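Here are some short notes to read beside the model. Keep the view open and find each part as you go.

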Protein chains: 2
Amino acid sequence: MARIADVARAAGVSASTVSYVLSGRRPISPETRDRVLQAVRDLGYRPDAAAGALAGGRTRTIGLVAPRCDDLTAAIIQRMVGTILEVARRRDHDVLLIDPREGAEGLRRVIGSRLVDGVILMDTDETDPRAGLLELSGIPAVVLGSPSDTGLPCVDLDFAGAARLAVRHLRARNADGVALMSPPELIGPPGKGYARHTAHGFQSEAGPTHTVRVCEPTWAGVDDWLAAVTRELGTLTGIVVQHEAALPPLLGLLRREHRDDVTVVPICPSEIAHLLESPVDHVEIPVTAMARTAAETLLDQLEHPGPAESRLFEPRLVLA
Amino acid sequence: MARIADVARAAGVSASTVSYVLSGRRPISPETRDRVLQAVRDLGYRPDAAAGALAGGRTRTIGLVAPRCDDLTAAIIQRMVGTILEVARRRDHDVLLIDPREGAEGLRRVIGSRLVDGVILMDTDETDPRAGLLELSGIPAVVLGSPSDTGLPCVDLDFAGAARLAVRHLRARNADGVALMSPPELIGPPGKGYARHTAHGFQSEAGPTHTVRVCEPTWAGVDDWLAAVTRELGTLTGIVVQHEAALPPLLGLLRREHRDDVTVVPICPSEIAHLLESPVDHVEIPVTAMARTAAETLLDQLEHPGPAESRLFEPRLVLA
DNA sequence: TTGAAAGCGTTACCAC
DNA sequence: GTGGTAACGCTTTCAA
């Protein structure tokens, strides 16, 4: 393997010049630059990452805490992870996975051993010790989600607004008995912020006949949910679904029972909506844009340290 | 941040002793060991990963090339990634994501800059330049899948055997017109090895009235597929499905059209089978075990360099 | 059983 | 516009 000294020798310059050519941190005459780059190509030189990190004080790697999941939600997570990786690579960084099961200790380890320059934290609880840890540690970090009390920059959808938008859409279609199907994560503690925000938005906009109820994402769970909600409301004509994994069973059951009178408005990524049995109007969760924003925000912070801004995406209704 | 010299001073020993205590690569007297460990705790010392990698010549990080996907398949991939991460961490390693979209160049970069000690390659094509690159580079690597011509250790399910098992199960239930629903990846070049193996196994075991056909994983695609296959076979009573994403639409359509005469046998992870409308007999893809085996194989190789063995899992029928 | 010191391959400061 | 060189923080050989 070629080292920087080999390149320097081949190009007839010093090692530092090679370094500067590659980093662009110092003006170099076109002639030497070309000679150096040629030598780099000839020798197939690649700077040693560990040496660079040790000397430069940064690893050009970001840490990513992504949740595990076994259902349709996995498609969303994957898309976010893929997007973050894409952005990171485009800006010459790598992505190290941090196991969510290791909790705060996993972050402490990764930060303490300087494996990463910054962290993106997904799937936070409403009050999340990891967010506090990141904030204290001072390492650049961005949260994808909205823990309730953090100084870290957050990127999220305005879920309360999304729920209100969904309810208004149902109303416009003359629904009166409306229900919100929430994921089990609504129930805390600690509980997820997005679930609570959605519930609040829903309740603030829904008419007198409404209910919020969590649902297990299985065919049996959805069956139970429908029975319970119908019993409670008397009449059920509109459902807002904030629970991707429950969508296939829900739509399947409604069709099977010929409940054409019920309108379903999911709050979900369009990618998920497209996988469903038939097109549905839905309030979009712009997962790709959110992931991209989180990654760009973190990388901006790595380049220009300083305060970073949170970003709350505005909900948008997508007609089938 | 505490450095190794700080710990050494606090414990009244030399830096090398601290290093040896932490690595266990040299016998240390219990007394000094305790003093050192106490100092480590007191100071919250964590070895700098970059310095360790530079001096030690290994990063304790493995690279992972995992595919992106937007449907149910994502759940499988996630579980594999999660399992690999878990195994790696248990054996004191980290996992770096390698973007599959960067192809062979991504691997060259990561290897050349010594970011990782080894690589796990998922989702290989039947003839995959990345496998060849890994083999030539000499870096420890394991393939999760079966490219046709590689000297690398591979971990995979015996898909030909799985297909035969599925067909035999259909036969036992008196199916005669049988079809294999394949993913678009069957069609090459390059095409996926698992798809071709499954097709071969299916054809070798199926009776005279059978067909193999790829299917788009959408409701419309499955509808077309059913029409075409029924037309071709005349009578259709059994379907082997090697295409997770197509399962929900397939089962939905069959139920809608009251085709109770058709038996469906998926080849899929049990985790996916459990998400379906109703329990189905299926040939299991043991994704967790496969991922675990791949990770353990790679880590074994990192600890004891030498030839590693491939592992072909035996198919198993799971009754609903 | 322990210590001293020579690397590991960069980056970035200080000269020229 | 370019070169020399001291860090960076650890691992490991050599010596005792």
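1. Start with a term. A residue is called buried if 20 or more other C-beta atoms lie within 10 Å of its own, exposed if 12 or fewer do, and partly exposed in between. Bear in mind that this is a predicted model.

2. Now apply the term to strand β1 of chain A, residues 61–65. Five of its five residues are buried, so the strand is largely enclosed by the rest of the structure.

3. Look at which way the residues point. Thr61(A), Gly63(A) and Val65(A) point one way from β1(A). Ile62(A) and Leu64(A) point the other way. Both groups are buried.

4. Next, the neighbours of the strand. Five bridges join β1(A) to strand β2 of chain A, residues 94–98, and the two run parallel. Within this pairing, Leu64(A) stands opposite Leu97(A) of β2(A). To get from β1(A) to β2(A), the chain passes through helix α5, residues 73–90 of chain A. This β-α-β crossover is right-handed.

5. β1(A) also pairs with strand β3 of chain A, residues 118–122. Four bridges join them, and they too run parallel. Here the bridge partner of Gly63(A) is Val119(A) in β3(A).

6. Finally, turn to a helix. Leu22(A) lies in helix α2 of chain A, residues 15–23. Is Leu22(A) buried, exposed or partly exposed? It is partly exposed, because 18 other C-beta atoms lie within 10 Å. Leu22(A) and Leu37(A) are 15 residues apart along the chain, and 8.2 Å separates their C-alpha atoms.

Definitions and conventions. Residues are numbered from 1 along each chain as its sequence is written. Chains are lettered from A and ligands numbered from 1 in the order in which they are written. This is a predicted model: local features need pLDDT of at least 70, side-chain atom pairs count only at pLDDT 80 or more; totals for chains, interfaces and linings use all residues. Two strands pair if DSSP finds at least two bridges between them. A crossover is right-handed if, with the strands pointing away from the viewer, the path from the first strand over the helix to the second runs clockwise.
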